[in-house]
Amino acid sequence: MTSDSAPASPQAPTVSGVEAVSVLTDEVRRRLYAFTRRAHRPVTREEAAGDSGISAKLAAFHMDKLVAAGLLTSRYDNPDGTPRVGRKPKLYEPADTDIRVSIPERRPDVIAEILMDAVLDQQQSENAQSAALRTARHRGEELGAATRTSGRPGRLGPERSLTLSESVLEKHGFEPDRQASTELRLLNCPFRPLATRSPELVCGINHAFLDGFLTGLQAGGIDAVLAPHPGRCCVELRAAGGSAGMATRAKVQEARARAAEDPGDP
């Protein structure tokens, strides 16, 4: 891409795998998408139209649908990057996305990233499992902190903590089920195929991740509790043991904050 290239209209956010794949049920869109992937370079609507035997206008209509679904990206630029006089054509190329569809949703990428980071950052004093649990908790804290920063919810009590957690964990494939105002069951484990091979390790990672999420979110009076049950996630989010539970979480958060400010402070 040259420095004088002009961006197209902002790309729509990538939708879910099911929605993205549904766009490809149309035969014309499948041909256009396949042609764009085979080209290994940005293509114009005229090139795609010629390959599919349709008009350029119809090709643009369908390719923009593929852009909206997150399967293609587009921009205005000269095909070879050479500056030319006149309006730049709209170019299309495959999006750098990996579309997966599973029902219920599985997220092997999340646990794979946790395990990879644990291997790369394992401390001399840790075994592999301890490194994985520490990394999972850190990942959860990052997600919780990012959720808090984007939503700016202020001080969170138990009910608001669970309401906010519910919406975030649903996006991560946990299928939250609100049984009571201060109890949230997770009906699906996004890591279930791996959990069947090593339940102790995977459930421990899951628990550390969710506990870290609550810490990063600064959720008041809510704990992530290991509660294995057939057909469900091994973790539930429940109200902590009254004011004592809230005080314990507050002390943990305060200690971690002090450690971050002064690593040498015991």
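Here is a short walk through this protein, from its overall make-up to a few side-chain pairs. The model is predicted, so local features need pLDDT of at least 70 and side-chain atom pairs count only at pLDDT 80 or more, while totals for chains, interfaces and linings use all residues. Residues are numbered from 1 along each chain as its sequence is written, and side-chain values use heavy atoms, with hydrogens and water left out.

Let's start with the whole. The protein has 10 helices and 7 strands (DSSP runs numbered from the N terminus: H or I of at least four residues for helices, E of at least two for strands). Of its 266 residues, 38% are buried (under 20% relative accessible area; exposed is over 50%, partly exposed in between, with a 1.4 Å probe and protein chains only).

Now for the charged pairs. The count of salt bridges is 16, each being a side-chain nitrogen of Lys or Arg within 4 Å of a carboxyl oxygen of Asp or Glu. One of them joins Arg38 and Asp51, with the closest N and O atoms 3.6 Å apart. Arg38 sits in helix H2 (residues 27-39) and Asp51 in helix H3 (residues 45-52), so this pair ties together parts 13 residues apart in sequence.

Another salt bridge pairs Lys90 with Asp64, at 3.0 Å between the closest N and O atoms. This one links distant parts of the chain, 26 residues apart: Lys90 is in strand S3 (residues 90-94) and Asp64 in helix H4 (residues 56-68). Lys90 is buried, at 18% relative accessible area, whereas Asp64 is partly exposed at 32%.
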